[in-house]
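Dear colleague,

Please have it open as you read.

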Amino acid sequence: RDSSTSRGLGDVYKRQIQRRKDIDIRQGEDRMKEERISNYVKLCEEWAQRFLKMDQADLHKRVPELKEENGFLTIIHFGRRYGVSLEDGRIQSLDGQREPDTTEMLNIYTLLGYAKEGAFIMDKWVPFADLRNARPFAPAYQIGETDVFSATFSGHEKELREAFQKLDGRELPQGDVGYEIRAFDCMPMRFFFWERDEEFEAQGNILFDYSATDFNLSLIHIS
């Protein structure tokens, strides 16, 4: 009986230790997430100050889709209308919906910062790996973007189609679901999705116009 009791107490102690480890891991993950968000917020603040120093005439040449309205430079990003304040450089929503998150703001800031004058859409469609200077980042993009896209919408073809339609996407004939949408007016993207069947898991593909890196060097944020 004493041996059994000792084993029982030992098992309880082990479970308590494991629970404490699990809690510590979750807390560590939460701290890392908070630090990452904090870093993104700080980066957006730095970009806001950088925006204020940009030559506005040059900026309009490099990103012709920008419009000046009521103290903002306005731009459409994935179907939503945003404004960059000419007073403090901060970005806000202008369509009455939720405010932009840090990823959306960085997408806009990096477009304004990196777009090259004279860049144009080439109508040459390639995967991320075939964009200029993108190949070293292709494995991470495959795992973090394309694979997630495929897994997320496996079994949800109807919802995916509806999502593209809400973004004013143009339907394409390839794939079980195929649409072209605009990250920005100057940056079209094509998404193709094949639903899973008895032999294969769901598969997705994301194509960019070859000119994409002439407009934005931070494409890892776009999807």
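Arg 81 is partly exposed, with a relative accessible area of 28%, where buried means under 20%, exposed over 50% and partly exposed in between, computed with a 1.4 Å probe and protein chains only. Please bear in mind that this is a predicted model, in which local features need pLDDT of at least 70 and side-chain atom pairs count only at pLDDT 80 or more, while totals for chains, interfaces and linings use all residues. Residues are numbered from 1 along each chain as its sequence is written, and side-chain values use heavy atoms, with hydrogens and water left out.

Arg 81 forms a salt bridge with Glu 69, and the closest N and O atoms of the pair are 2.4 Å apart; a salt bridge here is a side-chain nitrogen of Lys or Arg within 4 Å of a carboxyl oxygen of Asp or Glu. This pair links distant parts of the chain, since Arg 81 belongs to strand β3 (residues 80-85) and Glu 69 to strand β1 (residues 67-69), twelve residues apart; helices (H or I, at least four residues) and strands (E, at least two) are DSSP runs, numbered from the N terminus. Glu 69 is also partly exposed, at 27% relative accessibility.

A salt bridge also forms between Arg 80 and Asp 95, with 2.9 Å between the closest N and O atoms. Because Arg 80 lies in strand β3 and Asp 95 in the loop between β4 (91-93) and α3 (102-114), the pair ties together parts that are 15 residues apart in sequence. Arg 80 is buried at a relative accessible area of 10%, whereas Asp 95 is partly exposed at 28%.

Further along, the side chains of Arg 132 and Asp 214 meet in a salt bridge of 2.8 Å, N to O. Here too the pair links distant parts of the chain, with Arg 132 in the loop between β5 (125-127) and α4 (138-152) and Asp 214 in helix α6 (residues 212-215), 82 residues apart. Arg 132 is partly exposed, with a relative accessible area of 29%, while Asp 214 is buried, with 12%. Salt bridges that share partners also join Arg 170, Glu 180, Arg 182 and Arg 190 into one network, and the structure holds 13 salt bridges.

Lastly, Glu 199 sits in the loop between β8 (187-194) and β9 (203-209), and this residue is exposed, with a relative accessible area of 68%.
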